[in-house]
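Biologist: I have a model open and would like to go through it with you. Can we start with the terms and then take the features in turn?

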Amino acid sequence: MKIQSWWRGNMVRRTLLHAALRAWVIQCWWRSMQAKMVEQRRRLALRLYTCQEWAVVKVQAQVRMWQARRRFLQARQAACVIQSHWRWHASQSRGLIRGRYQVRASRLELDIEILVA
């Protein structure tokens, strides 16, 4: 009887130990799966954040480029206006070019008179 009870006790303890080990293996697996899911969620959130940041950077770059181009075009137009006024002023102060031309049958007659003031 004592050997039988000892044997049954060993068998029960071994069965409980196997069940505990299986539960422990399942728990370890589940914890590793949860860690992987958390890591996947973190990577996805990071990827989305990165995409949004790049989109913001691209929009800012486009706006800055547009502003710089607008300033450049304004400066170029201002330079053209200044140049045209300066050329007009220079042509007025240097002298006056008067001339007349006539087209006759096969040749052009040109008479230019330059007056310097």
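Modeller: First, a term: a residue is buried under 20% relative accessible area, exposed over 50% and partly exposed in between, with a 1.4 Å probe and protein chains only. This is a predicted model, where local features need pLDDT of at least 70, side-chain atom pairs count only at pLDDT 80 or more, and totals for chains, interfaces and linings use all residues. Residues are numbered from 1 along each chain as its sequence is written, and side-chain values use heavy atoms, with hydrogens and water left out.

Biologist: What percentage of the residues in the protein is buried?

Modeller: Of the 117 residues, 3% are buried. The protein exposes about 11,700 Å², and 64% of that comes from carbon and sulfur atoms. Those areas are from the Shrake-Rupley method with a 1.4 Å probe; for residues, only the protein chains shown count as cover.

Biologist: Which elements does the protein have, and how many?

Modeller: There are one helix and two strands, in the order α-β-β from the N terminus. Both kinds are DSSP runs numbered from the N terminus: helices are H or I with at least four residues, strands are E with at least two.

Biologist: Where is confidence lowest, and where is it highest?

Modeller: Strand β1 (residues 96–104) is lowest, at a mean of 56, and helix α1 (residues 2–94) is highest, at 93. The score is pLDDT, the predictor's confidence in each residue, from 0 to 100. The protein averages 86, and 79% of the residues score at least 70. Where pLDDT is low, the predicted coordinates should not be read in detail.

Biologist: Changing topic, what does UniProt annotate at residues 1–35?

Modeller: The unreviewed UniProt entry annotates them as "signal peptide". UniProt positions are given in the numbering used here, feature names are shortened, and annotations may be inferred rather than shown by experiment. In the model, residues 1–35 are 97% helix and 0% strand, with their end C-alpha atoms 50 Å apart.

Biologist: Which residues make the nonpolar surface patch?

Modeller: Ile3, Trp6, Trp7 and Met11 make a patch of about 480 Å². Patches take residues with over 30% relative accessible area and no salt bridge, joining like charges within 9 Å and nonpolar side chains (Val, Leu, Ile, Met, Phe, Trp, Tyr) within 5 Å. Ile3 lies in helix α1 and counts as exposed because its relative accessibility is 67%.

Biologist: How many salt bridges are there?

Modeller: Two, where a salt bridge is a side-chain nitrogen of Lys or Arg within 4 Å of a carboxyl oxygen of Asp or Glu. Arg42 pairs with Glu39, with the closest N and O atoms 2.7 Å apart. Arg43 also meets Glu39, at 3.1 Å from N to O.

Biologist: Why are Arg42 and Glu39 about one helical turn apart?

Modeller: Because they are three residues apart in helix α1. Arg43 and Glu39 are four residues apart in that helix, so they are also separated by about one helical turn.
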